[in-house]
Amino acid sequence: MSTITPAQKDRVFAALDSFRIEVPSWGFSNTGTRFGKFIQPSAATTIEEKFADAGEVNRLTGVAPTVALHVLWDLPNGKQDVAEIKRLEAKYGVKAGSINPNLFQDQEYKFGAMANPSAEIRKLAIDHLLESVEIAKELGSRDISIWDADGSNYPGTQSIRRRIEWTQEALNITHAALAPNQRMLVEYKPFEPAFYHTDIADWGMALALAHKAGPQAKVLVDTGHHYAGQNIEQIVAWLLHLKALGGFHFNDRKYADDDLTIGSIDPYQVFRIFHELLSDAQGASDVAFMIDQSHNLKGKMEAAVQTVMTAQEIYARAALVDNDYLGDMQTKCDLVAAEEHFRGCFWTDVRPVAREWREARNLPADPLSELRNGDYVQNTAKTRGAKNAGSVASYA
Ligand code: PSV
Ligand code: MN
């Protein structure tokens, strides 16, 4: 398929009009791997600089109005920092999005947080979760995104079943504290930092815990958190079927949780995921699109803008699919017609339509070129360079 029909163009415009994606605060600061950290002079060094960067990404793209916050990194004094976040929201025109408790960094959590065998440490974790809910309430944030890093490294050293009960208990208590309009998103990850067993290792475990915790608990799919070859769109289809899909952490990976740019390794997979959303009656309306990437080699601002544009473009390609036609071909079991339509949409270059849409919405036609031709990154390198030169990159 090479030409886009008027009906397809309408679908693409409607899809792009409804498309919003959240940037992570931690995507703007210096990060690294455990082997080395490469400092970028323009990286954000304060929460104000993270908001400034997020504001610039939203100014360029028009579709990233919220920034995910990690409580320990962005609100080190907890609730006391809410006033400052509100000031930054007003100043930079982007709002706090999902609130991410941090259950993995404190020394107390060496043997776990929600599922630590010590009741005292489990209480610390629960208190932090409850404070995160309060922070979210004060900021008007709908979602509390919980990533559980707990697990064990050696067989026999922990009771997997006792830890299920403790994890469930913490999630039940957190759910009970939610306001009616809030949601608790439960993220899963098969390994790292734990290397033998992880307490919430896959979507089945996340779903079971969320289901028991209550109706406002949903599953968060981080695209990087799957075994190689896993069919992520099928997981998405099941979660949609069960009305249990809360949102995504988008990134891409080749080997493990590499946090690469969305679609950089496998854009067809992203297309297939978006197709599940766009062909579902509930659609993407209640599903939070969040980016969870950290770039060590690419410029952070460029990576953020490139990610937003790539996500939009693959979403637009998925909107080309004529679901009525595809449904007919599927019913007739005309495999080749169905597949040709499906992959034809994937192979269609939608970048000219995306440019048209941006122009129609008074946005820069090419946000990435706008960023690269502008002086935002050079200016921030000047004002932040000295601070970055003396800093040690930090990231979990
Ligand atoms: C863990 O790998 C994760 O995906 C969780 O979402 C964290 O909150 C985020 O990355 C940043 O460490
Ligand atoms: Mn994640």
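This section describes a helix pair, several salt bridges and a surface patch in a predicted model.

Helix H4 (residues 82-92) and helix H5 (residues 119-139) approach each other, their axes coming within 10 Å and crossing at roughly 35 degrees. The crossing of H4 and H5 is right-handed. Contacts are made by Val82, Ile85, Lys86 and Glu89 of H4 with Ile135, Glu138 and Leu139 of H5.

The count of salt bridges in the model comes to 25. Among them is the pair Glu134 and Lys137, whose closest N and O atoms are 3.3 Å apart. Because these two residues are 3 positions apart in helix H5, about one helical turn separates Glu134 from Lys137. Glu134 is partly exposed, at 28% relative accessibility, and Lys137 is likewise partly exposed, at 35%.

Arg142 and Asp143 form a further salt bridge, with 3.3 Å between the closest N and O atoms. Here Asp143 is buried, with a relative accessible area of 5%, whereas Arg142 is partly exposed at 33%.

A salt bridge also joins Arg372 to Glu302, with the closest N and O atoms 2.2 Å apart. Arg372 lies in helix H14 (residues 367-373) and Glu302 in helix H10 (residues 300-319), so the pair ties together parts that are 70 residues apart in sequence. Arg372 is exposed, at 54% relative accessibility, while Glu302 is partly exposed at 28%.

On the surface, Ile160, Ile164 and Tyr196 form a nonpolar patch with about 280 Å² of accessible area together. Tyr196 is located in the loop between strand S6 (183-187) and strand S7 (197-198), and is partly exposed at 42% relative accessibility.

Definitions and conventions: Residues numbered from 1 in each chain as written. Chains lettered and ligands numbered in written order. Predicted model: local features only at pLDDT ≥ 70, side-chain atom pairs only at ≥ 80, totals over all residues. Heavy atoms only, no water. Patch = residues over 30% accessible without salt bridge, like charges linked within 9 Å, V, L, I, M, F, W, Y side chains within 5 Å. Areas by Shrake-Rupley, 256 points an atom, 1.4 Å probe, with all protein chains shown as cover. Salt bridge = Lys/Arg side-chain N within 4 Å of Asp/Glu carboxyl O. Helix = DSSP H or I, 4+ residues; strand = E, 2+ residues; numbered from the N terminus. Buried < 20%, exposed > 50% of the residue type's maximum accessible area, 1.4 Å probe, protein only. Axes fitted to C-alpha atoms, helices over the stretch in contact; angles between N-to-C directions. Left-handed = near helix turned anticlockwise from the far one by under 90°. Contact = heavy atoms within 4.5 Å.
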